[in-house]
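Colleague: Hi, I'm new to this one. Could you walk me through it?
Modeller: Happy to, here it comes.

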Amino acid sequence: MSDSGWPVSLRGVTESVVATLGPNDRWNQAALGLHAPDDAGDPVTAVTWGKTRTRGNFERRGGGVIQFTTDPREFVDAALDVTETAEPVRDGAAAWVEVDARRIEDGEDEGTEWVRWALTPQSATVRDRPVPAINRGFYAVVDATVAASRLDVPAFDTETLLDRLDYFAETVERCGGPAEREAFARVDDLTGWRERNESL
């Protein structure tokens, strides 16, 4: 257990599944990115986009259950389908934490309403170790090394690889922590892919 009350240390944006209790007394399962604070004293935050079930349930109930799952199928269900369960915790959850959710900011981006929530842990449970802390920035660095290593291989299209690297760079900047950003800077230094991209 981390000092902050979370069952795992968070960095950058950590992907999770949140269960929120709906008006039908069933738990809605949805994907939720957890934004680690820059300063240790600040809360972990999350952003809901649009008038989602998660946003409505946060507004009605003031919180939910954040799950750290080892099952990729649960991520797909949470992100792309309407998944409701009788209990909040899915089978694949290695750990979970009950949180209070408090609205701290809201706005609109190209016609889509968004709300930023401060998430405060109340109680946490760890079922399996290690607890997965899935950070898209880390995996983007790994995928970037594959793309970068193929830049001078005739069997691969350079323009396609540079497009992939551009996408991975954006993911690292948005979702990675300091280690991921430093690692991606090393990819830049070793391959010079940005200069090659600009020259196309």
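Modeller: One term to begin with: a residue is buried under 20% relative accessible area, exposed over 50% and partly exposed in between, using a 1.4 Å probe and protein chains only. This is a predicted model, where local features need pLDDT of at least 70 and side-chain atom pairs count only at pLDDT 80 or more, while totals for chains, interfaces and linings use all residues. Residues are numbered from 1 along each chain as its sequence is written, and side-chain values use heavy atoms, with hydrogens and water left out.

Colleague: Thanks! So is R196 buried, exposed or partly exposed?
Modeller: R196 has a relative accessible area of 27%, so it is partly exposed.

Colleague: And what does D152 form with R196?
Modeller: A salt bridge, with the closest N and O atoms 3.2 Å apart. The term stands for a side-chain nitrogen of Lys or Arg within 4 Å of a carboxyl oxygen of Asp or Glu.

Colleague: Where in the chain do those two sit?
Modeller: In distant parts, 44 residues apart: D152 is in the loop between α3 (136–149) and α4, and R196 is in helix α6 (residues 193–199). Helices here are DSSP runs of H or I with at least four residues, strands are runs of E with at least two, and both are numbered from the N terminus. D152 counts as exposed because its relative accessibility is 62%.

Colleague: How many salt bridges does the structure hold?
Modeller: It holds 12. R174 and E170 make one of them, their closest N and O atoms being 3.3 Å apart. Both lie in helix α4, 4 residues apart, which is about one turn of the helix. R174 is partly exposed at 42%, and E170 is partly exposed too, at 48% relative accessibility.

Colleague: Which residues are linked in a network of salt bridges?
Modeller: R55, E59, R103, D106 and E113. Within that group, E59 bridges to R55 with the closest N and O atoms 3.1 Å apart. The two are separated by about one helical turn, because they are 4 residues apart in helix α1 (residues 53–61). E59 counts as partly exposed at 42% relative accessibility, whereas R55 counts as buried at 12%.

Colleague: Which other residues of α1 are buried along with R55?
Modeller: T54, G56, N57 and F58. What covers the buried residues of α1 includes β1 (13–21), β2 (27–35), β3 (44–49), β4 (63–69), β6 (93–109) and β7 (112–126). After α1 comes G62, with a positive phi near 80°.

Colleague: Changing topic, at what angle do α4 and α5 pack?
Modeller: Helix α4 (residues 158–175) and helix α5 (residues 178–191) pack at about 155°, with axes 9 Å apart. They are therefore roughly antiparallel to each other, a label used for angles over 145 degrees.

Colleague: Which residues make the contact?
Modeller: On α4 they are L165, F168, A169, V172 and E173, and on α5 they are E180, R181 and F184. Contact means heavy atoms within 4.5 Å. These residues divide into 5 nonpolar, no polar and 3 charged.

Colleague: Last one: what is N197 in contact with, leaving aside neighbours within four places in sequence?
Modeller: L162 and D166. N197 lies in helix α6 and counts as partly exposed at 23% relative accessibility.

Conventions. Axes fitted to C-alpha atoms, helices over the stretch in contact; angles between N-to-C directions. Parallel < 35°, antiparallel > 145°, perpendicular 65-115°, else oblique. Nonpolar A, V, L, I, M, F, W, Y, C, P; charged D, E, K, R; others polar.
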